Amino acid sequence: MMKEVKKMMKNEKTVSIIIGVIIILVVVIVAVVFKNKGSFSKNTVNVYAAVGGGKEDLLADNDINSVFENKYHFKLVNDTWSNGKTVKIPVLRENSEMYDLIFFSDERYYNEYKTPAIGDEAKRYTVLDGDLVLNTPIVMYSWKPVAEALIKENIVTLKDNIYYITDMNKLIDYILSGKKWSDIGLSSIYGSINVGSVDPVTSSPGATYYGLLLSVMAGGEVNENNIENALPKLKTFYEKSGYMNNTPADLFSMFLKTGMGAKPIIVDYEKSLIDFANSNPDGWNQVKDDVVILYPTPTIWNSHCIAALSENGKTVLKAFEDKDVSQIAWEKYGFRVGTTGGNYDVSKINIKGVPQKITSVTSGLKMEIYERLIEYLSQK
């Protein structure tokens, strides 16, 4: 009898140990769930986005998508849309369902989308919320001998180790008058002074740059009183520019590959060099002591904007305010968050000549001004 009692007690002890181990395992699993910010406690949903170009690598970044899924519980599913299509045809998925958001790569189309459709324009869907989420300023890329020559011409100023184009009008006049590189002491560069750019008639980045030029030529503010005088001057500038690349990526690649003789100065976005330095460190090490960033004063923002069309779209807008997303967007891809630079440390990108804040900026032009600009440049 005593043996049977002892055996029962032993079995009960074993069962208690097993139950205790199970409880501990449950506690550990629960702790892991909470440590991962509830990623298992809430289903991840697909959020569908119509996305303009210029941020493909950023949206594919594993670290950013990890924040999206673990903290905000969504997976961003992207379809490529050009900015122009968003106002010409209904912004619908292949199954004719609405997108949750439109991620524009140009602020003028974002602003245009929020206005009622007119004429034969496509139906607009209600924008529940929206904002500028990624910014990068127009800059010019050049080489140290060119920058030094422009300093002597009082076109460029070096301040706190940053090169600023402080007399845009003078640079424009040099180009319009056909001044040669040899006239400013650069006899090794053949031909007339010029700035390489993409075509404003076919490219949104090119139109943004020409919008900046038009603002400078119009004295800082484009209106009905001065645009008629500024457009012929801009057309002459356009005609003197010669061959233009179709995309900023092609132009930037040619700038780096062909060097100072072929491409003394080009216009592009600030983010291009930061993205290149991160994605191609060996290539960056070869040119980092030679390439110079020139910041026009004023410059103009290229702004990527989210128009949220659903509650899920609003969640994406909130996620782009996250400090971790902002830091990755800046350090790896060169996108500033916020109107003057954001709350991150510029020194972390390890690229000389990049200011913490961009303070001299001209406002982007209204859509009707851009349309008028492009139409004028297109005339034979």
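This is a predicted model: local features need pLDDT of at least 70, side-chain atom pairs count only at pLDDT 80 or more; totals for chains, interfaces and linings use all residues.

Analyst: Strand β4 (residues 129–143) pairs with β7 in the antiparallel sense, over four bridges. Two strands pair here if DSSP finds at least two bridges between them. Helices (H or I, at least four residues) and strands (E, at least two) are DSSP runs, numbered from the N terminus.

Residues are numbered from 1 along each chain as its sequence is written, and side-chain values use heavy atoms, with hydrogens and water left out.

Strand β7 spans residues 266–269. Ile-266 and Asp-268 point one way, Val-267 and Tyr-269 the other. In a regular strand the side chains alternate between the two faces of the sheet. All four of these β7 residues are buried. Buried means under 20% relative accessible area, exposed over 50%, partly exposed in between (1.4 Å probe, protein chains only).

Now the loops. Most residues other than glycine have a negative phi, and most peptide bonds are trans. His-73 has a positive phi, near 60°. It lies in the loop between α3 (62–71) and β2 (74–80). His-73 counts as buried, at 10% relative accessibility. Ser-96 also has a positive phi, near 70°. Its loop runs between β2 and β3 (101–104). Ser-96 is exposed, with a relative accessible area of 55%.

The peptide bond from Thr-297 to Pro-298 is cis, with omega near 5°. Pro-298 sits in the loop between β8 (291–296) and β9 (301–308).
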